[in-house]
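User: I would like a close look at one side chain here, followed by the parts of the fold that go with the topic. Please keep the terms defined as you go.

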Amino acid sequence: MNKSIRFFLLGVLLLIAGCNRRAEYLVVDGVMLGTNLHLVACSEDPGEELYRRAMEIDQEMKRSMSIFDEGSLLSRLNRGETDSVDHHIAYNLRLSQEISTLSGGAYDVTVAPLVKAWGFAGKRGIASPNLDSLLQFVGSDKVALRQEGKALRLWKADPRVALDFNSIAKGYTVDLVAEELLNRGIENFLVDIGGEVRCQGVNPKGMPWRIGIERPVDGAPLGQSYEMRIALHRGALATSGNYRRFYIDPSGQKIAHTIDPHTGKSHLSRLLSATVVADECARADAMATMFMALGEEKGLALLEKHPEWPVLLILAPEKEGDPMICHLSPAMEELILK
């Protein structure tokens, strides 16, 4: 089993951090959604129990929304074998359509045919995909949820319309694990799945949780280096960027996983990464991808209209050798550790 569970007995610090006398801070490390799981919680439940429940959520998400599992509900919806949706897909589709409207269509979960064509769906891509042919199946207006009695069904304008929730599913899964902890009465915790984080309360030192924001360096391992850190008592953080999921095509061009639903092409700009803080990690995840899809100019323009959003946009330098450029919203500046 791919896990290691470490238990820290914190003595006097338990009272400082807000744990009761029967609880202790536990650290649970493992693998979830094909990436790293890191969970810290002040809990009366044993670490093995928290890990077991996390693995149940992992399997539940894969059965529901995985595009890599041919037997998942989402894969069957995409193939037109069913039109019945579960509450996970319904929630994520509603949220994604909200973010799509906010972005003017730049963020769109119907890009699945394009994601597959470019080789970001677990299969080898096409050297020169017929984008005009694929774009006719892309657009948030081509899908809708319809209630039929007690059943909730997915309407598609064309059977070939397909959904890809990879831009939101990891954040949503973080939320599910966090909600599981809250339902167990755990008030002090941090859940981190592959760099998407949600936390509440205080850390073992009785301080706000300190969360690092990665420096966007092409191909850098997860958590290798941080541009800055923030302090959170409650909330979620997600970062999206084109510095990890990309490849170089035979012509030497970088092909990144952020796909423009208007052109069908990999979308690259000077915007290297976008980090968003929100109440829920699913929303932070989707919004971070939204900023990457918008690119430098449109992303900065939208952020200027919403200074209340805690957002960090990191841009490539104008000249080689210069430092990266960080654009912090006023709300994000308040969270940054000096």
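What is the relative accessibility of Glu-70, and what does Glu-70 count as at that value?

Analyst: This is a predicted model, in which local features need pLDDT of at least 70 and side-chain atom pairs count only at pLDDT 80 or more, while totals for chains, interfaces and linings use all residues. Residues are numbered from 1 along each chain as its sequence is written, and side-chain values use heavy atoms, with hydrogens and water left out.

Glu-70 has 42% relative accessibility and counts as partly exposed. On this scale, buried is under 20% relative accessible area, exposed is over 50%, and partly exposed lies in between (1.4 Å probe, protein chains only). Glu-70 forms a salt bridge with Arg-79, with 3.0 Å between the closest N and O atoms. A salt bridge here is a side-chain nitrogen of Lys or Arg within 4 Å of a carboxyl oxygen of Asp or Glu. Arg-79 is also partly exposed, at 39% relative accessible area.

The structure holds 19 salt bridges. One of them joins Lys-142 to Asp-141 at 3.9 Å, N to O, and Asp-141 is exposed at 59% relative accessibility. Another joins Glu-179 to Arg-198, with the closest N and O atoms 2.8 Å apart. Glu-179 lies in helix H7 (residues 169-183) and Arg-198 in strand E7 (residues 196-200), so this pair ties together parts 19 residues apart in sequence. Helices (H or I, at least four residues) and strands (E, at least two) are DSSP runs, numbered from the N terminus. Glu-179 is partly exposed at 34%, whereas Arg-198 is buried at 10%. Salt bridges also link Asp-45, Glu-49, Arg-52, Arg-53, Glu-56, Glu-180 and Arg-184 in a network.

Next, a helix with buried residues. Helix H4 (residues 87-102) has 16 residues and spans 23 Å from its first C-alpha to its last, close to the 22 Å expected; the expected span is 1.5 Å times one less than the number of residues. Its buried residues include His-88, Leu-95 and Ile-99. Among the elements that cover them are helix H2 (47-65), H7 and H8. At the start of H4, a side-chain oxygen of Asp-86 comes to within 3.2 Å of the backbone nitrogen of His-88. Just after H4, Gly-104 has a positive phi of about 70 degrees.

Helix H8 (residues 281-305) contains Ala-286, which is buried with a relative accessible area of 0%. Setting aside neighbours within four places in sequence, Ala-286 is in contact with Ile-99, Tyr-107, Ser-167 and Ile-168, where contact means heavy atoms within 4.5 Å. The C-alpha atoms of Ala-286 and Ser-240 are separated by 8.9 Å, and these residues are 46 apart along the chain.

Finally, a covered strand. In strand E13 (residues 271-278), 7 of the 8 residues are buried. Strand E10 (residues 234-241) runs antiparallel to E13 and is joined to it by 6 bridges; two strands pair if DSSP finds at least two bridges between them. Leu-237 has Val-277 in E13 as its bridge partner. E13 also pairs with strand E14 (residues 311-315), in the antiparallel sense over 5 bridges. There, Ser-273 stands opposite Ile-314 in E14.

Notes. A polar contact is a pair of N or O atoms within 3.5 Å; within protein, one must be able to donate a hydrogen and the other to accept it, and residues adjacent in sequence count only if both atoms are side-chain atoms.
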